[in-house]
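Morning, everyone. I'll keep this brief. Please have a look at the model on the screen.

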Amino acid sequence: MVATPAIKATARRLLALSLDEQGAVSAERALEVIKVLEANPPKRGLRVLLKTYATYLESHLTKTQARIEHAGNLDAAALQELLTSLEQRYNRKLEPVVTENPALIAGVRARVGDDVFDNSFASTLQTLRQSLQ
Amino acid sequence: MSDILEQIKAEIARVSSATQQANVGRITAVADGVAHVSGLSRAMSNEMISFPGDVFGMALNLEEDEVGVVLLGEASHLKEGDEAKTTGKLLSVPVGKELLGRAVDALGRPVDGKGPIAAKENYPVERIAPGILPRKSVDQPIQTGIMAVDAMIPIGRGQRELIIGDRSTGKTTIATDTIISQAAINKKGIAGDDKNFRPVYSIYVAIGQKSANIARTIALLEAHGAMQYTIVVVASAADNPSSQYIAPYAGCAMGEWFMRNGMDALIVYDDLSKHAVAYRQISLILKRPAGREAYPGDVFYLHSRLLERAARMREQDGNGSLTALPIIETQAGDFSAYIPTNVISITDGQIYLETDLFNQGVRPALNVGLSVSRVGSSAQTKAVKQVGGKIKLQLAQYRELAAFAQFGSDLDARTKSTLDRGARIIELFKQPVAAPKPMEVEVALLWAMHNGHFDKIAVKDMIRAAASLEEYFKSTQTALLGKIAEKKVLDDGLEGELKAAVEQWSRTFGAE
Amino acid sequence: MSGLFTHLLAAAETVGADGNAISQMLHRFGVDWPFFIAQVINFLIVGSLLYFFAVKPLSAKLQERRDKIEDGLRYTDEMKQKLDDAQKRRDEILKEATIQAQDVVRQAGEQGKAVLSQQSQQAAEQAEDILKKAREQADQQYEAMLKQVRQEAADLVVQTTAQLLKRDLASDERGRIADEAAKSISRK
């Protein structure tokens with residue numbers, strides 16, 4: 001079953017309920033929402049509703065987070081500089097989520113919302129491979 | 001071998017470690033050549049979206065939290081959760097003279113196994129048609145080489161003339177004959193010393209056809225030396241609907257390059273019924289509301305924006321032109337169906353082909369009553385107009401009388417002469433496939449018909465007589481034909497020479 | 001004739017008046033006037049009958065014959081004339097035909113030559129075409145091979161580089177590159 005406009009609207013309302021005063025996703029509120037849903041399941045489409053809700057949560061999260069992947073040690077000052085520049089660019093507070101990703105070989109990849117900034121050996125090699133073909 | 005290494009070295013040297021920025025999304029559903037992608041918040045309409053495995057798609061539906069992307073090419077390996085990326089480029093295809101002689105797919109990639117195409121330019125597939133200002137009215141002819149069409153339904157450069165008819169009534173043949181005729185004219189013109197000669201390049205777009213048919217068409221064009229002036233854009237029935245949907249726009253972009261660079265081009269869309277069907281399929285999968293015959297609401301715009309791109313530019317804007325010959329297949333002769341009426345109203349006239357006539361052996365199976373050319377007469381060569389002008393009227397009178405003449409046997413002399421003339425005109429207009437006639441030969445034959453030089457010949461001998469006269473002109477009267485081709489108008493002197501020539505021929509033909 | 005007789009009779013009568021010698025002589029010769037007159041009338045009748053029914057048609061017939069003969073002669077003359085003319089024309093036509101025939105033969109020869117040269121040219125062009133196509137095909141195959149080699153070489157280069165970098169890149173170097181990258185992104 002696919003998400004109908006009604007289900008999407010419901011999921012959007014649920015998302016609004018899961019946000020705290022600052023507009024960031026609150027884990028407690030989200031849990032609360034899921035509990036209520038569990039107690040009063042809709043007649044049909046619970047699965048789809050949950051899935052849509054999860055997608056919306058995820059996309060909202062990515063908008064408020066700066067997901068930074070790196071290979072090799074990242075200097076704290078450099079990280080802070082990166083975070084500030086991203087916050088300036090998006091004009092909002094971003095929560096940093098830093099993970100190490102050896103697949104990058106060396107370098108950094110940052111993601112905010114749908115935007116990806118990539119400066120890594122992996123992507124450079126990928127570009128090289130495409131240009132050679 | 002060493003230059004390969006050199007190239008690789010050069011590429012490596014060129015690699016920069018600059019930051020790459022992209023807008024990404026995830027596939028939430030993929031089916032029937034359409035992917036629904038969440039994210040891609042910065043995607044533009046008609047932007048190329050890249051998927052893993054060198055697959056590209058075109059963003060068609062931009063919704064609040066989702067983008068509908070039609071996938072181009074083989075995409076069976078894509079699955080839910082795969083990452084999609086914007087490319088920042090509108091869907092575009094290579095254009096230019098390098099494509100001539102080649103068969104390419106809807107994205108301009110070669111499919112004829114003749115190696116890569118070294119095109120220097122790319123044009124976006126979707127482009128707004130030229131406005132009112134840079135346009136000029138149609139005033140130069142396109143010789144189809146089909147006598148019936150050139151005499152009665154003339155086509156001008158920049159015109160959009162629909163070819164409509166049931167299946168297997170010779171629609172494609174009219175289009176390919178025109179391409180072959182253009183090639184013959186090009187060859188002669190380029191070899192000649194006329195500085196003002198403007199060659200016409202052809203683009204044949206095959207949409208949703210059987211691959212065997214496309215191969216046959218290409219072989220036909222190659223056999224008649226027309227391929228070197230032609231680009232074939234292939235989106236066969238085996239290709240996915242999005243390729244079939246894109247193909248005419250891609251072909252049009254290739255044609256536009258010629259037009260915008262001051263050249264003349266001819267584009268054949270074979271056929272737009274299948275294009276509409278492919279678009280209907282995509283629209284239904286994208287869940288756009290269905291309208292009449294389940295076509296989406298914008299199916300008129302689908303064809304109007306395509307055909308509007310055919311134009312004749314004025315001198316300040318390069319003086320180029322793009323002539324479009326769209327083809328529409330009707331079901332059981334019903335040209336009042338949805339898509340046919342749409343396209344009829346967009347085009348500047350139509351060539352209507354009939355199954356009955358085709359089965360009677362009238363080929364091309366042209367219905368003279370229903371076929372029109374709304375703007376072509378101002379582009380028609382003067383000489384053809386002089387001799388062909390009355391033929392259409394005579395043929396129409398013949399058709400009207402022929403219906404009555406079946407009942408009565410006693411006919412007055414006038415009626416009888418009209419009937420006799422009509423029957424001979426029909427025989428004269430019969431023409432085999434891929435045998436286009438040059439303009440001057442058409443003029444000579446029509447002149448002979450118009451002045452009653454065929455009246456003494458039995459109707460059953462007409463085809464033979466016409467062929468014999470053509471042969472006679474080509475073998476012994478080349479000087480006269482050259483004069484007609486040069487002057488393009490019949491004056492008293494030329495008519496006198498024509499008369500003498502035809503009379504001499506009729507003595508020999510009678511004696512045979 | 002009748003006129004003569006009447007004169008004779010008138011003379012006889014004038015003579016008879018002054019002397020019987022003549023009438024007697026006439027009598028002796030058996031000339032009986034009434035009978036004589038009757039005979040004269042008879043003669044006239046027979047004569048006129050003969051004249052109308054025999055002499056006239058006969059002379060007409062004769063005239064006709066004469067005319068016919070004359071016509072015949074004239075016709076013969078005409079025929080002769082015509083024959084002469086015909087002969088003359090035949091000669092002329094023959095001459096013309098010969099010239100024309102020569103012309104046709106010459107034209108045919110020229111056309112034949114033209115066709116021949118055209119054919120040979122076409123054949124040459126075709127041969128050229130076939131050669132060109134073959135060359136093109138060979139080129140294409142070569143190109144395709146080169147392309148494949150290039151692709152494989154590129155893949156190899158990329159893979160090797162990745163492997164080497166993963167293995168051999170020093171960790172402090174990695175850290176430096178990461179910092180650089182972060183800065184580069186910040187600057188963008």
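This is a predicted model: local features need pLDDT of at least 70, side-chain atom pairs count only at pLDDT 80 or more; totals for chains, interfaces and linings use all residues.

Let's start with chain C against chain A. How much area do they bury between them? About 2,200 Å², with 68% of it on carbon and sulfur atoms. On the chain C side, V158(C), I185(C) and S186(C) lose the most area to chain A. Together they make up 24% of what that side buries. As for residues in the contact, 22 come from chain C and 23 from chain A.

Now the polar side of this interface. Four residue pairs are in polar contact between chain C and chain A, counting pairs with both residues at pLDDT 80 or more. The rule finds one salt bridge across the interface. D155(C) forms a salt bridge with R129(A). Their closest N and O atoms are 3.4 Å apart.

Which helix gives the largest share of the side of chain C that touches chain A? That's α4(C), with eleven residues. Helix α4 spans 171–187, and both α3 and α4 of chain C supply at least two residues to that side.

Next, the patch. Chain C carries a nonpolar surface patch of about 900 Å². Its members include W33(C), I37(C), I41(C), I45(C) and L49(C). Y51(C), F52(C), F53(C) and V55(C) belong to the patch too.

Take F53(C) from that group. Where does it sit? In helix α3 of chain C, residues 33–168. Buried or exposed? F53(C) counts as exposed because its relative accessible area is 66%, and the cut-off is over 50%.

That's my tour. Over to you.

Key. Residues are numbered from 1 along each chain as its sequence is written. Chains are lettered from A and ligands numbered from 1 in the order in which they are written. Side-chain values use heavy atoms; hydrogens and water are left out. Patches are made of residues with over 30% relative accessible area and no salt bridge: like charges are joined within 9 Å, nonpolar side chains (Val, Leu, Ile, Met, Phe, Trp, Tyr) within 5 Å. Accessible areas come from the Shrake-Rupley method with a 1.4 Å probe; for residues, only the protein chains shown count as cover. A salt bridge is a side-chain nitrogen of Lys or Arg within 4 Å of a carboxyl oxygen of Asp or Glu. Helices (H or I, at least four residues) and strands (E, at least two) are DSSP runs, numbered from the N terminus. Buried means under 20% relative accessible area, exposed over 50%, partly exposed in between (1.4 Å probe, protein chains only). Contact means heavy atoms within 4.5 Å. Buried area is the accessible area (1.4 Å probe) that two parts lose on being put together, summed over both. A polar contact is a pair of N or O atoms within 3.5 Å; within protein, one must be able to donate a hydrogen and the other to accept it, and residues adjacent in sequence count only if both atoms are side-chain atoms.
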